[in-house]
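Here is a quick tour for anyone meeting this structure for the first time. Have a look at the sequence and the model, then read on.

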Amino acid sequence: MPYINVSTSAKVDDKKKFLEEISFLISSLTNKSKRFVMAKLDDNCQMYFDDESPSCFLEIKSIGSLNPSEMAKPISDFVFKKMGIPIDKIYISFEDVPASLWAWNGRTFG
């Protein structure tokens with residue numbers, strides 16, 4: 001049930017590998033099964049963050065299991081390692097979604 005949406009002005013050459021690796025990272029940081037992590041990537045998109053150098057915006061949603069103060073650094077480090085985007089050009093939005101507002105397999109979780 002964790003969902004990560006990555007938007008970046010950088011071009012990601014191996015999108016499948018990137019999505020698999022970030023899914024694994026989010027799974028490990030939330031202690032949720034990788035089977036339930038959904039990841040989306042929009043790369044090479046028009047973005048402006050102080051200038052036109054590469055930047056990245058990540059949205060992470062989950063039912064619980066989010067600890068932004070502990071998750072921000074490893075996620076930022078991952079983006080820097082994989083895309084070369086400096087961590088001061090990365091925004092991350094965390095959202096803890098109530099179980100009653102998240103559905104899967106035809107029913108909500110709460």
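In helix 2, the buried residues are Met 71, Ile 75, Ser 76, Phe 78, Val 79 and Met 83. They sit on the same side of helix 2 because they cover an arc of only 160° around the axis, going by the directions from the helix axis to the C-beta atoms.

Helices (H or I, at least four residues) and strands (E, at least two) are DSSP runs, numbered from the N terminus.

## Just past the helix

## The cysteines

How many disulfides are there? The count is zero, where a disulfide is a pair of cysteine sulfur atoms within 2.5 Å. The closest cysteine sulfur to that of Cys 45 is in Cys 56, 8.6 Å away, which is too far for a bond. Cys 45 is partly exposed at 24% relative accessibility, while Cys 56 is buried at 2%.

## About the model

This is a predicted model: local features need pLDDT of at least 70, side-chain atom pairs count only at pLDDT 80 or more, and totals for chains, interfaces and linings use all residues. Residues are numbered from 1 along each chain as its sequence is written, and side-chain values use heavy atoms, leaving out hydrogens and water.

How values were computed. Buried means under 20% relative accessible area, exposed over 50%, partly exposed in between (1.4 Å probe, protein chains only).
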